[in-house]
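I set out to record what I looked up in this structure, entry by entry. The sequence and the model are placed here for reference.

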Amino acid sequence: MESIFLGLGGNVGDRRGFMRRAVEALSEDRIRVLSRSSLYASEPEGSDDQEPYLNAAVEAQTPLAPLELLRHVKDIERRLGRVVRGRWAEREIDLDILLYGARTVEEKDLTIPHPRLHERRFALMPLAEIAPEIRHPVIQKTIAELLRDCTDEKRVVRLDVEW
């Protein structure tokens, strides 16, 4: 099985609880979580009138194909109570497939690697914590190099809290 990397985020309600329950739900069925990053607080995307986000990354393994994995993580979001409010809107939990081994996927509803991964400090920082030497299959830079070169100026802070 290939290693996959997922980004987790949320800024509504019990943010830490949603993150913890999302990792538990991932582990329940056909996904083996291998590691998880610290939690990070970040400024919201798109609108400054939202609460800060909590973000994290997990490394896992799964036999699920990329589109099956997408359906699975969207089902977890629904089960945890995510309300779809539109793009850039606040959210209880958001699960994104960042990387799926060295694969690239171009489907109507899914692009892997995540198309804006290299532009988002809030995704790169937790990912660099658990997988700094993993190479982006399109850009051909390591996650550590992508973080070093990232021009995103939004503030992202590692939190010293358990989750």
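Which residue with a positive phi follows α1? I found that Arg30 comes after α1 and has a positive phi, near 65 degrees.

Basis of the entries. I worked from a predicted model, in which local features need pLDDT of at least 70 and side-chain atom pairs count only at pLDDT 80 or more, while totals for chains, interfaces and linings use all residues. Residues are numbered from 1 along each chain as its sequence is written, and side-chain values use heavy atoms, with hydrogens and water left out.

Helix α1. I took helices (H or I, at least four residues) and strands (E, at least two) as DSSP runs, numbered from the N terminus. Helix α1 covers residues 15–28, 14 residues in total. From its first C-alpha to its last it reaches 20 Å, close to the 20 Å expected at 1.5 Å a residue; the expected span is 1.5 Å times one less than the number of residues. I noted its buried residues as Gly17, Phe18, Met19, Ala22, Val23, Ala25 and Leu26. Buried means under 20% relative accessible area, exposed over 50%, and partly exposed in between (1.4 Å probe, protein chains only). These buried residues pack against β1 (3–10), β2 (32–36), β4 (53–61), α2 (66–79) and β5 (94–100), contact being heavy atoms within 4.5 Å.

Strand β1. I found seven of the eight residues of β1 buried, so the strand is largely enclosed by the rest of the structure. β1 pairs with β4 in the antiparallel sense over eight bridges, and Gly10 stands opposite Leu54 in β4. β1 also pairs with β5 in the antiparallel sense, over six bridges, with Ile4 opposite Tyr100 in β5. Two strands pair if DSSP finds at least two bridges between them.

Nonpolar core. I defined a core as a set of buried Ala, Val, Leu, Ile, Met, Phe, Trp, Tyr and Cys residues joined through side-chain atoms within 4.5 Å. The largest has 29 residues, and Leu6, Met19 and Leu69 have the most contacts inside it. α1 gives the most to this core, with six residues.

Backbone exceptions. Most residues other than glycine have a negative phi, and most peptide bonds are trans. I noted that Gln140, in the loop between α3 and α4 (143–149), has a positive phi, near 65 degrees. Ile112 and Pro113 are joined by a cis peptide bond, with omega about 0 degrees.
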